[in-house]
Amino acid sequence: VARSRHPAPPLPCRRDTWVKMGLAIAIRTALFMVLVVAVASGRGSGETQEMELVEDGLPTIDALLEELDMSDLTAKFYEAGFTETRYVLRMKDMDFRMMALEWGVEKDAILRVRDAIKNYKIERPVVKIEEDPLLKERNALRYGRLVINGSTASFEYFSGYFSAPMPRKSLSLALAWDNNSHACDLKSESAAGEAVIAHRGGCSFVEKAWNISASGAQAMILVNNASNLFHIASGYATGGGNLNNDTEAPSNLTVVMVKHYAFSALRKAIAVGADVRMVPLKCTSGDVKCQPILPDEKDIVLEVDSGVVEQVGSDIQHEFLTGTWGGIIPAGDVPTVAADPIDGCSALQNSVSDVTGRVVLVRRGRCSFGDKVKAAQDRGAAAVVVADLPGHALQRMGVSTPQLADMEIPGFVVTAAAGDSLFEAAQTGGLQLRFKQQPGMTESWLELSLTSWPKTEKDFNMVFRLWPRG
């Protein structure tokens, strides 16, 4: 078979094909890298910088319309709810056209307002400040303790739903200065930076809050008229309708409620110039006590349960536990007298001048601790020291619920042996006592009360390890 002498057409060049394929891959890779960089920078993901309108220095609606010689439209803007220029700034072109149609106004006239508004429209990036998560959690807590400086007890509070966060500092106290201290008519007096105490009643919670806020106060302490607490609310049905029907509450005022019997301690704190601090507490299931969560607030002593009392001029000192009702511990060297009658169960026969501002010594027995404290308080005493019965381990004293509202001064309990020493010194005259806080000894005394008295040296050493050390 004869074959053609002409060769077959050549196959495409493989080298050119590979070059083209490599170029295509390189281009695609480069495009992919550009896309990755764009996404990483937020441009490729559709994310945009959040902006906000600058509202500083905007003219009023009245001034803007007057400038445009369109004051006849002022009433229509107000009727439509556009009482401030910032509301008009947010309107779209369609809103202006619809406005012209509804009002029967020339479209060109309304568009003049639109164009004038655009001259004032300035936007700036929103600056977001990251809040400390621990502080954020702390500020959301609605329960805590009201700590009076130098008091033997603190008091529960519930914060209002519209309350500003609890201040992270101590505040001085003031009692609302209107009739019955209801804060319903405070006039124009100033309480700048203070915590104002107000009684419940007389007007709404919102009115009290506005009045106290207007005085420049930083906090409102509302004393309930009962021994329960609840979170104060604002809004409809709570505003009373006496503030231009405004039921909104001030946002810059800390608001807490305390039980009725806290008032006597607060009133005493005002008299002696003691500050107060609100400490938010976190309550966790299974924990015996609720605790602060900020490190600096964990160091605050919520309750002074114990300490030592020194007989001034000697090296003698005695441990004491405090009464649970509160009262501010006297400062400095305090003159001390024995009660007459010695058990303090009836009106004291001591003269007022002998008791006023002094510590009164009484023996335990025949009546309640509350009766003893009230008898001394009625004579002007600064504090009461109760000598316990022989053989008793110390325990903190309490009073009945009805008596809580009457307690203004603190009480201290010492051992029978310590009481004998104090009474003996008081008989010679000139006894002065100096109180020093040493919180935390109550549990040690409780352990001691549950432990049998040691009979051997080994047992004694075991008990001694439980003994509180000063």
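Which residues form a nonpolar patch on the surface, and about how much accessible area do they have together?

Modeller: The model is a predicted one, and in it the nonpolar surface patch is formed by Met94, Met98 and Leu101, which together have about 330 Å² of accessible area. Methionine 94 sits in helix α5, which covers residues 93-103, and this methionine counts as exposed because its relative accessibility is 52%, where the cut-off for exposed is over 50%.

Side chains of opposite charge can pair when their charged atoms come close. The count of such bridges in this model comes to 16.

Another bridge joins aspartate 296 and arginine 277, with an N to O distance of 3.9 Å, which lies within the 4 Å limit for a salt bridge. Since aspartate 296 belongs to helix α10 and arginine 277 to strand β9, the pair ties together parts that are 19 residues apart in sequence. Aspartate 296 counts as partly exposed at 35% relative accessibility, whereas arginine 277 counts as buried at 15%.

A further bridge is formed by arginine 364 and aspartate 388, whose closest N and O atoms are 2.8 Å apart. Here arginine 364 lies in the loop between β13 (359-363) and α12 (369-378), and aspartate 388 in the loop between β14 (383-387) and α13 (401-404), so the pair ties together parts 24 residues apart in sequence. Arginine 364 is partly exposed, at 32% relative accessibility, while aspartate 388 is buried, with a relative accessible area of 4%. Some bridges also share partners, and in this way Arg138, Arg168, Arg277, Asp296 and Glu297 are joined into one network.

The largest pocket has a volume of about 570 Å³. Its lining consists of 20 residues, and Lys289, Cys290, Gln291, Leu302 and Glu303 are those that lie nearest the centre of the pocket. At least two lining residues come from each of β3 (143-148), α10 (295-298) and α15 (442-449).

The backbone remains to be considered. Most residues other than glycine have a negative phi, and most peptide bonds are trans. In this model, however, a cis peptide bond with an omega of about 5 degrees joins aspartate 340 and proline 341, and proline 341 is found in the loop between β12 (334-338) and α11 (352-355). Aspartate 69, although not a glycine, has a positive phi of about 60 degrees; this aspartate is located in the loop between α2 (61-67) and α3 (74-79) and counts as exposed at 70% relative accessibility. Alanine 183 likewise is not a glycine and has a positive phi of about 60 degrees, but this alanine, found in the loop between β5 (173-175) and β6 (195-199), counts as buried at 0% relative accessibility.

Conventions:
Residues numbered from 1 in each chain as written. Predicted model: local features only at pLDDT ≥ 70, side-chain atom pairs only at ≥ 80, totals over all residues. Heavy atoms only, no water. Patch = residues over 30% accessible without salt bridge, like charges linked within 9 Å, V, L, I, M, F, W, Y side chains within 5 Å. Areas by Shrake-Rupley, 256 points an atom, 1.4 Å probe, with all protein chains shown as cover. Salt bridge = Lys/Arg side-chain N within 4 Å of Asp/Glu carboxyl O. Helix = DSSP H or I, 4+ residues; strand = E, 2+ residues; numbered from the N terminus. Buried < 20%, exposed > 50% of the residue type's maximum accessible area, 1.4 Å probe, protein only. 1 Å grid on protein atoms, 1.4 Å probe; cavity = no way out; pocket = protein on both sides within 12 Å on 5 of 7 lines; lining within 4 Å. Points joined across faces, edges and corners; volume = space filled by probe spheres on them.
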